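Trainee: Hi! I'm new to this one, could you walk me through it?
Mentor: Happy to, let's look at it together.

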Amino acid sequence: MSDATRAEICAVACAEAYRDNGEVIASAFGTIPAIGVRLARHTFSPDLMISDGEATAVRGTWAVGSPAEGDAEAWLPFNQIFTLVWNGKRHITMIPTQIDAFGNANISAIGDHAKPKVQLLGVRGAPGNSVYHPTSYWVPKHSVRSFVPKVDMVSGVGNDNARAAGPSASRFHDLRVVVTDLAVLDYEPESGRLRIKSVHPGVTVDEVVAATGFDLVVPAEVPESRQPTAEELALIRTVIDPQNLRNAEVPA
């Protein structure tokens with residue numbers, strides 16, 4: 001039986017989001033997703049390209065929270081990122097403040113946009129990300145405050161809005177998964193609504209449903225999220241996150 005922590009289960013779930021992605025830029029925001037993309041490339045998705053955060057894609061595996069170590073494998077100045085985005089050669093994991101049943105995500109403001117209660121990042125690149133290339137989400141605290149019936153502002157485009165807008169938005173629209181500290185969610189193809197894909201060890205389906213502010217699609221059978229292998233645990237603990245930053249994001 002694995003002694004993996006909840007944070008390590010979440011990191012593996014984020015890694016799985018990048019399985020079989022091929023040669024794309026893996027942009028992952030948050031400590032757990034950053035661990036996940038490094039783990040994925042080191043093990044089952046070696047063609048992923050990971051930026052040093054500046055203008056270079058780097059070979060090798062280095063610790064989160066530390067400067068990139070390894071040899072440069074590509075030059076990626078800011079203007080080239082747009083070329084990759086518009087050609088679908090990127091898979092991003094963003095952190096939404098709010099997300100609804102169809103994957104509409106808000107990272108801009110809480111409350112009335114004309115006079116918000118809380119000003120957040122702004123839409124940033126979320127509209128283009130969500131309509132041009134694969135997009136996943138990471139929610140460190142699964143609760144009804146994050147999973148809401150209606151987002152206060154659509155920053156990242158959900159399945160319902162992409163379909164309503166027509167081919168200009170839906171042609172390359174590709175929402176993948178939402179990983180949280182309780183579960184992994186994906187989207188039911190027919191309705192485009194979020195459904196439970198797996199629950200993390202020690203979590204029940206009822207707990208996930210209770211922490212969500214809308215009706216999830218719940219399959220008849222919901223498996224448990226994958227446990228890390230011994231090799232993956234060793235990589236996480238000794239190479240990718242030796243400072244144990246993961247437990248600051250998802251406490252043990």
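**Contacts first, then the sheet**

Mentor: Let's start with Ile110: setting aside neighbours within four places in sequence, Ile110 is in contact with Thr97, Gln98, Pro116, Lys117, Val118, Leu120 and Asp152. Keep in mind that this is a predicted model.
Trainee: Okay! Which strand is Ile110 found in?
Mentor: Ile110 belongs to strand S7, residues 109-110.
Trainee: And what separates the C-alpha atoms of Ile110 and Leu120?
Mentor: Their C-alpha atoms are 7.5 Å apart, and the two residues are ten residues apart along the chain.
Trainee: New topic, the sheet. What order do the strands of the six-strand open sheet have?
Mentor: The order is S1-S4-S9-S10-S11-S12, and the pairing is mixed. At the edges are S1 (25-28) and S12 (194-199), each pairing on one side only. On average, neighbouring strands of this sheet are turned by 20° against each other, direction ignored.
Trainee: Let's zoom in on S9. Why is S9 largely enclosed by the rest of the structure?
Mentor: Five of the five residues of S9 are buried, so S9 is largely enclosed by the rest of the structure.
Trainee: Which residues are on each side of S9?
Mentor: Thr135, Tyr137 and Val139 are on one side, with Ser136 and Trp138 on the other, and all of them are buried. As a general point, side chains in a regular strand alternate between the two faces of the sheet.
Trainee: How many bridges join S4 to S9?
Mentor: Three, with S4 (residues 90-94) and S9 running parallel. Met94 has Tyr137 as its bridge partner in S9, and Tyr137 also stands opposite Val178 in S10.
Trainee: So what about S9 and S10, parallel or antiparallel?
Mentor: S9 (residues 135-139) and S10 pair in the parallel sense, over four bridges. Trp138 stands opposite Val179 in S10.
Trainee: Is S10 mostly covered or mostly exposed, and how many of its residues are buried?
Mentor: S10, residues 175-180, is mostly covered, with five of its six residues buried.
Trainee: What do S10 and S11 form?
Mentor: A hairpin, with two residues between the strands. S10 and S11 (residues 183-187) run antiparallel and are joined by two bridges. Val179 stands opposite Val184 in S11.
Trainee: How many bridges do S11 and S12 pair over?
Mentor: Five, in the antiparallel sense. Leu185 stands opposite Ile196 in S12.
Trainee: Last one: which strands does helix H1 lie across?
Mentor: H1 (residues 6-16) lies across S9, S10 and S11, running at about 175° to S10.

Notes
Residues are numbered from 1 along each chain as its sequence is written. This is a predicted model: local features need pLDDT of at least 70, side-chain atom pairs count only at pLDDT 80 or more; totals for chains, interfaces and linings use all residues. Side-chain values use heavy atoms; hydrogens and water are left out. Buried means under 20% relative accessible area, exposed over 50%, partly exposed in between (1.4 Å probe, protein chains only). Two strands pair if DSSP finds at least two bridges between them. Contact means heavy atoms within 4.5 Å. Axes are lines fitted to C-alpha atoms, for helices over the stretch in contact, and angles run from 0 to 180 degrees between N-to-C directions.
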